[in-house]
Amino acid sequence: MVCTGNICRSPTAEGVLRARLARAGLGARVEVDSAGTQGYHTGEAPDPRAVKAAAARGYDLGGLRARPVQPADFQRFHWLIAMDEDHLAWLRRKAPPGCTARIELLMPHGRRHAGVTEVPDPYYGALAGFERVLDLVEDACDGLVGRVQDHLGGGVRGHA
């Protein structure tokens, strides 16, 4: 899961996807991580508003720490999932030759938010923006879990 600073959207998506995969019985089979296109929050915990909104829905983001996308991520993970078009373009520019990761947007996996293509950045707004992020991310992660299940149908260990 990739956003700009790895303190709002992408750690939220990481926490939600982990929980959804665990609920589907896939938690031990799929590695989930998040990172930022920029490293200026490296080592920091997620934004307190993201932590609060996630906790209210039963997600624990407390142990997560921001990190930048690393070159090895393009080989390590099956999917690199971008929160918006800028992140998608950045990932595609940075993808090394021979990149094996599928680079995609998160929201096309959603089912209930037709026409929404990006997860908006809540950083400069109020707590309601973080709630909106959760609404979108929960929907898209439900769809992504279905894709992971299809991918793992043959029993292959996967990385999301």
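Author: A nonpolar core is a set of buried Ala, Val, Leu, Ile, Met, Phe, Trp, Tyr and Cys residues joined through side-chain atoms within 4.5 Å. The model above is predicted.

Reader: Which residues of the largest nonpolar core touch the most other members?

Author: In soluble globular proteins, nonpolar side chains tend to be buried together. Here the largest core has 35 residues, and those touching the most other members are Met1, Leu17, Leu21, Met83, Leu106 and Val137. Helix 1, helix 2, strand 4 and helix 5 each supply at least two residues of this core. Helix 5 gives the largest share, 10 residues.

Reader: What does leucine 106 touch, leaving out residues up to four places away in sequence?

Author: The list for leucine 106 is Met1, Ala13, Ile81, Ala82, Met83, Val119, Val137, Ala140 and Leu144. There is also a second, separate core, with 13 residues, including Val2, Leu88, Trp90 and Leu105.

Reader: Now the helices. Which residues of helix 4 are buried?

Author: A residue counts as buried under 20% relative accessible area and as exposed over 50%. In helix 4 (residues 85-94), His87, Leu88, Trp90 and Leu91 are buried. These residues lie on the same side of helix 4, because they cover an arc of only 165° around the axis. The face turned away from that buried side carries the exposed residues Asp86, Arg92 and Arg93.

Reader: What do the buried residues of helix 4 pack against?

Author: Their partners are strand 1 (2-3), helix 1 (9-23), helix 3 (73-76), strand 4 (79-82) and strand 5 (102-105). As for the start of helix 4, a side-chain oxygen of aspartate 84 comes within 3.0 Å of the backbone nitrogen of aspartate 86.

Reader: Which residues are buried in helix 2?

Author: Ala50, Ala53 and Ala54 are the buried residues there. Viewed down the axis of helix 2, they fall within an arc of 100°, so they line one face of the helix. Pro48, Lys52 and Ala56 are exposed, on the face turned away from the buried side. Helix 1 and helix 5 are among the elements that cover the buried residues.

Reader: Which residue caps the N-terminal end of helix 2, and what follows the helix?

Author: The cap is aspartate 47, which places a side-chain oxygen 2.7 Å from the backbone nitrogen of arginine 49. Glycine 58 follows helix 2, and its phi is positive, near 90°.

Reader: Where is asparagine 6 found?

Author: Asparagine 6 sits in the loop between strand 1 and helix 1. It counts as buried because its relative accessibility is 2%. Its side chain is joined to that of serine 10 by a polar contact of 2.7 Å. The backbone nitrogen of arginine 67 is also reached by the side chain of asparagine 6, at 2.9 Å. With neighbours within four places in sequence set aside, asparagine 6 contacts Pro11, Ser34, Ala35, Gly36, Arg65, Ala66 and Arg67.

Note on methods:
Residues numbered from 1 in each chain as written. Predicted model: local features only at pLDDT ≥ 70, side-chain atom pairs only at ≥ 80, totals over all residues. Heavy atoms only, no water. Buried < 20%, exposed > 50% of the residue type's maximum accessible area, 1.4 Å probe, protein only. Helix = DSSP H or I, 4+ residues; strand = E, 2+ residues; numbered from the N terminus. Arc of directions from axis to C-beta. Contact = heavy atoms within 4.5 Å. Polar contact = N/O pair within 3.5 Å; in protein donor to acceptor, adjacent residues only side chain to side chain.
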